[in-house]
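Please take a moment to look over the sequence and the structure shown here before reading on.

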Amino acid sequence: MALRFTSLGSGSAGNGLVVESGGTRVMMDCGFSIAETRMRLERAGVAPGDLAGIVVTHEHDDHLGGVARFAKRHAIPVYLTRGTAQWLPADFPAALMRCIDSHTPFAIDALRVEPFPVPHDAREPVQYAFSDGATRLGVVTDLGCITQHVVEKLSGCEALVIECNHDIDMLMGGAYPPGLKHRVAGRFGHLDNAGARDLVAGLDRSRLRHLIAAHLSQQNNRPELARRALAEAAGCEDDWIGVATQQDGFAWRDA
């Protein structure tokens, strides 16, 4: 019963990732319209009815924006913290809402899902590690800085999807207004390439087989810069590092 995963797209215009173990498929976040989500799922060979649940990281539109409409349309349970749940529309069916504790693992059929809190400018944000009991996938797409708790949760994973949002020089020299630059670069903003490098360097990587850069800013980063940073941390060639793109995400990988 292998664990495998695919990205539907990653970036400020929308995020979605699907994790599968045995017959259980779970989507992490949904920042796309119903039609766009269906199209991206179909590209991955997944039907909406195949999803056993949607786990949500936080309320920002590129992660939560499509969740309520898609979940209602296809009667899919949604797992999220109470802080994030406050941002669901008032008419969202209570029968589909599963409030989670940010420190308590839970199961969705064959998948063990482990939420953990992260520093980000949201109400009660989490990221997730997924396991089938033998292998683990850790995903962090929105965090402003590294905490020891994050390091502990991501250590020992076979697969990692890590935020490389921006290159600090590109961000500070770019067109964003000063307030936005400082929010993005702040302790509750987004991890830059150097921060992602430091995070990976501090992990137990003894079982690591996949390392993928995600949530790249289209204005303030370039794939080759993200790859170089993660490769430096992992001690590998740049082309071993994967990249989750905004348009295509990445294809299925076996963890």
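The paragraphs below turn to one helix and then to some salt bridges.

This is a predicted model, in which local features need pLDDT of at least 70 and side-chain atom pairs count only at pLDDT 80 or more, while totals for chains, interfaces and linings use all residues. Residues are numbered from 1 along each chain as its sequence is written, and side-chain values use heavy atoms, with hydrogens and water left out.

Helix 8 spans residues 193-201, and its buried residues are Asn-193, Gly-195, Ala-196, Leu-199 and Val-200. They lie on the same side of helix 8, because they cover an arc of only 160° around its axis, the arc being that of the directions from the helix axis to the C-beta atoms. Buried here means under 20% relative accessible area, exposed means over 50%, and partly exposed is in between (1.4 Å probe, protein chains only). Helices (H or I, at least four residues) and strands (E, at least two) are DSSP runs, numbered from the N terminus.

Side chains of opposite charge can pair when their charged atoms come close. The structure holds 13 salt bridges, each a side-chain nitrogen of Lys or Arg within 4 Å of a carboxyl oxygen of Asp or Glu. One of them joins Glu-20 to Arg-4, with the closest N and O atoms 2.8 Å apart; this pair links strand 2 (residues 16-21), which holds Glu-20, with strand 1 (residues 3-9), which holds Arg-4. Glu-20 is buried at 9% relative accessibility, whereas Arg-4 is partly exposed at 25%. Both belong to a network of salt bridges that also includes Arg-25 and Asp-50.
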